[in-house]
Amino acid sequence: MAQIEQGGGDGKKKKGAQKKMQIHVDFTPMVDMNMLLITFFMLCTTMIKSQTLSVTLPAKPDPDKPPVESSSKVNQDDAITMILWTERDDQGNVKTDGEGKPMHTIYYYFGKPCAYDPATGQLTEPNKLKAERFIGNSGELAQGIRAILAERNADVLRDVNTQKQRWRNKEITDEEYQAIAKEIRNNKDKYPNRPVVSIKPTEGAAWAAIISAFDEMQINQISQYQLETLKPVDQAMLDQYKAAHPSE
Amino acid sequence: MGKVKIKRKSTLIDMTAMSDVTVLLLTFFMLTSTFLQKEPITVLTPSSVSTEKVPTANVATVLVSPEGKTFISIAGDADETKKDEWGSEAVRKEVLMNAVARYKDATGKDVGITQEDVEKFSKINMFGIPLAYLHQFLQLTQVQQDQFISDMENPQVGIPFTTLRNGKNEFQIWMESIRATKNENLKAAVKAGEGIAVKSDQGTPYSTINQVLTNLQDMMMNRFTVMTALKTEAD
């Protein structure tokens with residue numbers, strides 16, 4: 001392992017001179033051990049720290065109290081309803097499209113649901129449901145459901161983006177930007193037409209689709225959104241839409 | 001004739017530099033990594049643009065498997081000085097005692113948890129066994145426990161949601177026990193919503209996960225967080 005070589009054995013040395021010693025320590029076992037330790041750490045650890053997303057569910061309605069009509073519901077025209085649907089195969093696995101992306105579909109409508117006859121389960125007016133997908137940005141351009149939501153929340157989005165630009169130019173700190181953005185999002189006097197989104201997942205909708213829907217709210221700076229259960233009228237609209245568009 | 005002498009070259013390679021590199025790498029891995037927590041099932045969390053970090057201390061994680069089995073893991077305070085009172089093991093012991101008492105209130109049955117069981121329970125990261133079987137489960141060796149709990153077909157695995165006599169279920173008993181902890185930091189985190197993290201696979205259907213969401217809602221735990229992986233707006 002460690003060898004001590006005596007240098008220069010030609011015997012012409014002066015008397016009393018110190019012998020030169022060369023010390024070689026073989027580091028191979030040390031390297032072996034280190035490699036083993038590195039392998040151990042690489043296999044047993046997580047490098048990626050997962051992120052979290054805050055969710056607030058609506059409070060459970062108190063059966064003793066009459067339901068309070070919240071002020072946001074007064075203006076029904078601002079409501080957007082998103083019904084989430086996930087395509088699944090016979091085994092219940094999420095189907096993917098040609099690019100390997102999971103097939104989540106958002107069926108959405110603005111304002112009140114269609115008039116509906118509970119006795120027959122049929123709609124009594126033309127279906128206003130439309131279908132859209134979760135698609136990522138192409139460059140700066142929003143696509144899919146994001147573009148639709150961005151258009152509905154254009155005023156808020158524009159003002160938040162102005163602030164974002166200031167934050168990018170280091171004019172304001174991150175905390176200041178977050179505070180201003182929050183204030184803009186919640187300013188109902190300045191932006192009376194902010195959308196109110198209710199997210200209604202169907203039974204088979206994948207967890208990823210719900211998270212994507214929450215994500216769209218964050219991206220589009222929508223502050224008023226709720227996770228709700230599917231109502232019979234929504235189901236009727238969905239069924240009718242699917243019957244009319246069998247390919248989707 | 002002069003003999004052709006073949007010089008013998010030494011094959012020794014100086015490994016010092018190599019050793020330096022490996023030690024550096026080792027140090028890097030040791031400093032940046034956090035250990036994988038043992039979980040009964042590995043799930044692929046959905047991605048989101050949210051960049052909030054998962055807290056490592058004072059958090060109760062609720063894991064929902066695609067089959068609908070629910071597991072809970074509790075992490076206490078990271079502060080070493082409060083370890084005996086607020087640390088993970090102390091909190092787990094407290095929550096278990098609390099849950100056993102609440103279960104007795106709800107069903108009138110004593111589950112027969114011994115002091116030894118409590119000690120064993122405090123070492124387990126993630127649990128999901130009906131309280132009635134917990135004693136039996138804790139008697140198994142660690143390998144047997146891991147094997148038992150990762151069998152998603154077994155009806156004795158997962159926290160049950162069957163309604164008990166007082167209208168509660170075991171999941172609610174556990175969550176309320178966590179909320180009633182003496183660890184003020186965990187209590188505040190649970191109240192603010194950062195203390196509850198729901199973790200589920202991206203393909204889990206809504207009907208499955210809704211069970212957990214409605215139960216949280218029933219207990220007025222309306223604010224919580226969801227574990228996600230990071231993605232960008234372009235994805």
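**Ground rules.** Residues are numbered from 1 along each chain as its sequence is written, chains are lettered from A and ligands numbered from 1 in the order in which they are written. As the model is predicted, local features need pLDDT of at least 70 and side-chain atom pairs count only at pLDDT 80 or more, while totals for chains, interfaces and linings use all residues; side-chain values use heavy atoms, with hydrogens and water left out.

**Chain A, overall.** I started with the inventory: chain A has six helices and eleven strands. Both kinds are DSSP runs numbered from the N terminus, helices being H or I with at least four residues and strands E with at least two. I looked up burial next and found that 33% of the 248 residues in chain A are buried. The cut-offs are under 20% relative accessible area for buried, over 50% for exposed, and partly exposed in between, using a 1.4 Å probe and protein chains only. The accessible surface of chain A is about 15500 Å², 53% of it from carbon and sulfur atoms. Accessible areas come from the Shrake-Rupley method with a 1.4 Å probe, and for residues only the protein chains shown count as cover. Among contacts in chain A with a separation of 6 or more, 64% are between residues 24 or more positions apart; contact means heavy atoms within 4.5 Å.

**The A/B interface.** How many residues of chain B are in contact with chain A? I got 53 residues of chain B against 53 residues of chain A. The area buried between the chains is about 4900 Å², and carbon and sulfur atoms give 63% of that. Buried area here is the accessible area (1.4 Å probe) that two parts lose on being put together, summed over both. B:Phe29, B:Tyr206 and B:Glu233 supply 14% of what chain B buries against chain A, more than any other three residues. I also looked for salt bridges across this interface, and the rule finds zero. The rule wants a side-chain nitrogen of Lys or Arg within 4 Å of a carboxyl oxygen of Asp or Glu.

**A:Ser50.** I picked this one out of the loop between β3 (45–46) and β4 (51–56) of chain A. At 26% relative accessibility, A:Ser50 counts as partly exposed. Leaving aside neighbours within four places in sequence, A:Ser50 is in contact with B:Lys53, B:Val54, B:Met227 and B:Thr228. I also checked A:Ser50 against A:Met103: they are 53 residues apart in sequence and 24 Å apart in space, C-alpha to C-alpha.

**Nonpolar patch.** A:Met30, A:Met33, A:Leu37, A:Phe40, B:Val23 and B:Phe35 make a nonpolar surface patch of about 510 Å². Patch residues need over 30% relative accessible area and no salt bridge; like charges are joined within 9 Å, nonpolar side chains (Val, Leu, Ile, Met, Phe, Trp, Tyr) within 5 Å. Helix α1 (residues 28–44) of chain A gives the most to the patch, with four residues. A:Phe40 sits in that helix and is partly exposed at 41% relative accessible area.

**Helix α5 of chain B.** Which residues of helix α5 (residues 131–139) of chain B are buried? I have B:Leu131, B:Leu134, B:Phe137 and B:Leu138. Seen down the axis of α5(B), they fall within an arc of 90°, so they line one face of the helix. The arc is that of the directions from the helix axis to the C-beta atoms. Their cover includes α3 (88–107), α4 (115–123), α6 (142–149) and α7 (170–179) of chain B.

**Salt bridges.** Over all chains the structure holds 15. In chain A, A:Lys190 pairs with A:Asp159, the closest N and O atoms being 3.6 Å apart. A:Lys190 is in the loop between α4 (174–186) and β10 (196–201) and A:Asp159 in helix α3 (residues 154–168), so the pair ties together parts 31 residues apart in sequence. A:Lys190 is exposed at 55%, whereas A:Asp159 is buried at 16%.

In chain B, B:Glu176 forms a salt bridge with B:Arg102, closest N and O atoms 3.6 Å apart. This pair links helix α7 (B:Glu176) and helix α3 (B:Arg102) of chain B, 74 residues apart. B:Glu176 is buried at 15% relative accessibility; B:Arg102 is partly exposed at 27%. Last entry: salt bridges that share partners join A:Asp155, A:Arg158, A:Asp159 and A:Lys190 into one network.
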